[in-house]
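Q: Please take a close look at one part of this model and describe what surrounds it. Then place that part against the rest of the chain.

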Amino acid sequence: MPNPIQIQKYLGGIDYPASKQTIVDSAKESGADDDVLEALNAIEDKQYEDPTEVSSAVM
């Protein structure tokens, strides 16, 4: 499981609130590895208000 710092480095430039799909797509475009993409694909399908909320959802 990737740590929050690993995840956040792929989420720079996202305008929040953001949907799960926007977050996953942005991470892919930023070159996220399979572990990060797997973790992001497992989060709840909802709007996220900020990067901290995304990190909390992954944990």
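A: Pro17 sits in the loop between α1 and β1 (18-19). In this predicted model, the peptide bond that leads from Tyr16 into Pro17 is cis, with omega near 0°. Tyr16 belongs to the loop between α1 and β1 as well. Its relative accessibility is 22%, so Tyr16 counts as partly exposed; the range for that class begins where buried, under 20%, ends.

The surroundings of Tyr16 come next. Not counting residues up to four places away in sequence, Tyr16 touches Leu11, Tyr48, Glu49, Asp50, Pro51 and Val54. Tyr16 and Gln47 are separated by 31 residues in sequence, and their C-alpha atoms are 8.5 Å apart. As for pairs of aromatic rings, a search of the whole structure finds 0 of them.

Helix α1 (residues 4-8) contains Ile5. Ile5 has a relative accessible area of 70% and is therefore exposed. Between Ile5 and Glu38 there are 33 residues of sequence separation and 16 Å of space, C-alpha to C-alpha.

Ser26 is a residue of helix α2. Its relative accessibility is 14%, so Ser26 counts as buried. Leaving aside neighbours within four places in sequence, the contacts of Ser26 are Tyr10, Gly12 and Ile14.

Helix α2 (residues 20-29) also packs against helix α3 (residues 34-41): their axes come within 10 Å and cross at roughly 175°. That angle makes α2 roughly antiparallel to α3, because angles over 145 degrees fall in that class. On the α2 side the contact involves Lys20, Ile23, Val24, Ala27 and Lys28, and on the α3 side Leu37, Leu40 and Asn41. By class, the contact of α2 with α3 has 5 nonpolar, 1 polar and 2 charged residues.

Notes:
Residues numbered from 1 in each chain as written. Predicted model: local features only at pLDDT ≥ 70, side-chain atom pairs only at ≥ 80, totals over all residues. Heavy atoms only, no water. Axes fitted to C-alpha atoms, helices over the stretch in contact; angles between N-to-C directions. Helix = DSSP H or I, 4+ residues; strand = E, 2+ residues; numbered from the N terminus. Parallel < 35°, antiparallel > 145°, perpendicular 65-115°, else oblique. Contact = heavy atoms within 4.5 Å. Nonpolar A, V, L, I, M, F, W, Y, C, P; charged D, E, K, R; others polar. Phe/Tyr/Trp six-rings, centres within 6.5 Å; stacked < 30°, edge-to-face > 60°. Buried < 20%, exposed > 50% of the residue type's maximum accessible area, 1.4 Å probe, protein only.
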